[in-house]
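Subject: Structure handover

Hi,

Here is the structure I promised to pass on. My notes on helix packing and a few backbone details follow below it.

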Amino acid sequence: MNNLVTRIINPLILLLAASILLNCQPQTENNSNTQENPPAEKEMNDSNTPLHLLEPDYPTPYGAPEVSEVKAVLDRVKGYLENTTYTTILTEEGGSEITDFSKVDEKSVLKKGDFRLLSYEWGVTYSAMLLAGEVTGDQSYTDYTNNRVKFLADLYPHFEKMGNKRHALHSIVAPGALDDCGALCASFIKTEANGLDANVDPLISNFMDYIMNKEFRFEDGTLARNRPLDNTLWLDDLYMSVPAIAQMGKKTGEKKYFDEAVKQIKLFSDRMFNEKKGLYMHGWVADMDVHPEFHWARANGWALLTKIEVLKVLPESHPGRAMIMDLLQKHVRGLASLQSGSGFWHQLLDKNDSYLETSATAIYAYCIAAAVNEGWINEKAHAPMAILAWNAVATMVNEQGQVEGTCVGTGMAFDPAFYYHRPVNKFAAHGYGPVVAAGAEIIRLLKQNEFEINDSSLQLLVK
């Protein structure tokens, strides 16, 4: 009985003691708030917080990247391309490899990878890889171009003797459009000047013969097309012809090539450059009084890139240099006013409801950075926008090194829906060369300048 009473009473005594102790403790304001109503977080305002230092919610990275970060992006792209663009010729589709090129025939085919070695897009890529090798000192970039150009040069004489028959190298043996030859020709001349151990002169001569003598022209000599309508200019054709012509001037020292390059830029620009907007229209038709002013982004990229490529080799004393420089500066100003807050440009430059496009943004990043590096445009005004463009482009390179968000091949149209709804695809070859070139030129920009975040904005430090 006593044990039972003890077991009942003792817990009651303990509860009573605990209650007395709790009631005897002083109750401060802090204690009661902590247990019942935690204090509200102090609201930031102009008097208690430097609001201008708040971290913005940028959609793409902001500020100057490290050179190593840019190089890492380029390495991913190069690694992907090395593994998916082959220097192999087969007896036939799915056949065995031919190592003795004298044994190729009309059935022989290039081993298919993700991209074609003979496209104008790959001419852009060859030139970009050479630039990346020069800027970074990484020989593997140079080797990428050297290996593929040598492969094509060694194959060329064996297919050339087949003439105009359809075969693996038909588009470069018998080119039928500026797309077949201009960008490749420019890259081959650059590769040869870089010390290539192969004879590319036959290819270069063939390309230049087509550009200078066989492509359709207006009566005043403007390089043109007869599609989709007769007597039509495509802005794209500036790049598909003029840089190769200018490179030929550098290769031979003959003034006629520089004169022709300058002439074409003037002829195209007189018809297609909108001075008020600082933009080019995509297409122009001789038999029309009113032209559809669709300012397609990548075509404007080709026009801007053409001016950069020509100015790099055009003699300082050439009388056409000032005209091209003026066009370059006006074009950059027009583009600067249309860059989106994420760093990209729109598919139709002045239509903000059209999608943001990668390849054009990469071309602009390269061209603007190159113009800054060469001292052709104001570096304080334009270097930050070039870096912003690169930061945007870098977000479109996936872990495999593939470039996403690139518009596929695009013809000339007379309605906006065509441009608005062109597909994008990571296998659109147009994105790869521009991304490599942009990264290389951004590395040069970062090496030649210092940047800081001042009042939260990216600034180029005054030298």
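**Helices 7 and 10**

Helix 7 and helix 10 count as roughly parallel to each other, because their angle falls under the 35 degree limit. Keep in mind that this is a predicted model. The axes of helix 7 (residues 178-193) and helix 10 (residues 242-252) come within 8 Å and cross at roughly 25°. The crossing is left-handed. On the helix 7 side, the contact is made by Gly-182, Cys-185, Ala-186, Ile-189, Lys-190 and Glu-192. Helix 10 contributes Pro-243, Ala-244, Gln-247, Met-248 and Lys-251. Sorted by class, this contact has 6 nonpolar, 2 polar and 3 charged residues.

How many residues of helix 10 are buried? The count is 8 of 11, so helix 10 is largely enclosed by the rest of the structure. The buried residues are Val-242, Pro-243, Ala-244, Ile-245, Ala-246, Gln-247, Met-248 and Gly-249. They pack against helix 7, helix 8 (201-214), helix 9 (236-239), helix 11 (255-272) and helix 12 (297-313). After helix 10 comes Gly-253, with a positive phi near 80°.

**Helices 14 and 15**

Helix 14 (residues 358-374) and helix 15 (residues 379-394) pack at about 150°, and their axes are 8 Å apart. This crossing is left-handed. From helix 14, the residues that meet helix 15 are Thr-358, Thr-361, Ala-362, Ala-365, Ile-368, Ala-369 and Val-372. Their counterparts in helix 15 are Glu-379, His-382, Ala-383, Met-385, Ala-386, Ala-389, Trp-390 and Val-393. By class, the contact has 11 nonpolar, 3 polar and 1 charged residues.

His-382 deserves a look. It lies in helix 15. Is His-382 buried or exposed? Its relative accessibility is 11%, so His-382 counts as buried. Setting aside neighbours within four places in sequence, His-382 is in contact with Val-332, Ala-336, Ile-368, Val-372 and Ile-377. Ile-368 and Val-372 belong to the helix 14 side of the packing described above.

**Helix 17**

Helix 17 (residues 432-448) has 17 residues. From first C-alpha to last, helix 17 reaches 25 Å, close to the 24 Å expected at 1.5 Å a residue. Of its 17 residues, 15 are buried, so helix 17 is largely enclosed by the rest of the structure.

**Loops and backbone**

Two points sit in the loop between helix 8 and strand 3 (232-234). One is a cis peptide bond from Arg-227 to Pro-228, with omega near 5°. The other is Asn-231, a residue other than glycine with a positive phi near 55°. Asn-231 has 24% relative accessibility, so it counts as partly exposed.

Ser-456 also has a positive phi, of about 75°, although it is not a glycine. Ser-456 is placed in the loop between strand 9 (451-454) and strand 10 (457-460). Its relative accessible area is 25%, so Ser-456 is partly exposed.

Best wishes

Note on methods
Residues are numbered from 1 along each chain as its sequence is written. This is a predicted model: local features need pLDDT of at least 70, side-chain atom pairs count only at pLDDT 80 or more; totals for chains, interfaces and linings use all residues. Side-chain values use heavy atoms; hydrogens and water are left out. Helices (H or I, at least four residues) and strands (E, at least two) are DSSP runs, numbered from the N terminus. The expected span of a helix is 1.5 Å times one less than its number of residues. Buried means under 20% relative accessible area, exposed over 50%, partly exposed in between (1.4 Å probe, protein chains only). Axes are lines fitted to C-alpha atoms, for helices over the stretch in contact, and angles run from 0 to 180 degrees between N-to-C directions. Angles under 35 degrees count as roughly parallel, over 145 as roughly antiparallel, 65 to 115 as roughly perpendicular and the rest as oblique. A crossing is left-handed if the near helix is turned anticlockwise from the far one by less than a right angle, and right-handed if clockwise. Contact means heavy atoms within 4.5 Å. Ala, Val, Leu, Ile, Met, Phe, Trp, Tyr, Cys and Pro count as nonpolar, Asp, Glu, Lys and Arg as charged, and the others, Gly among them, as polar.
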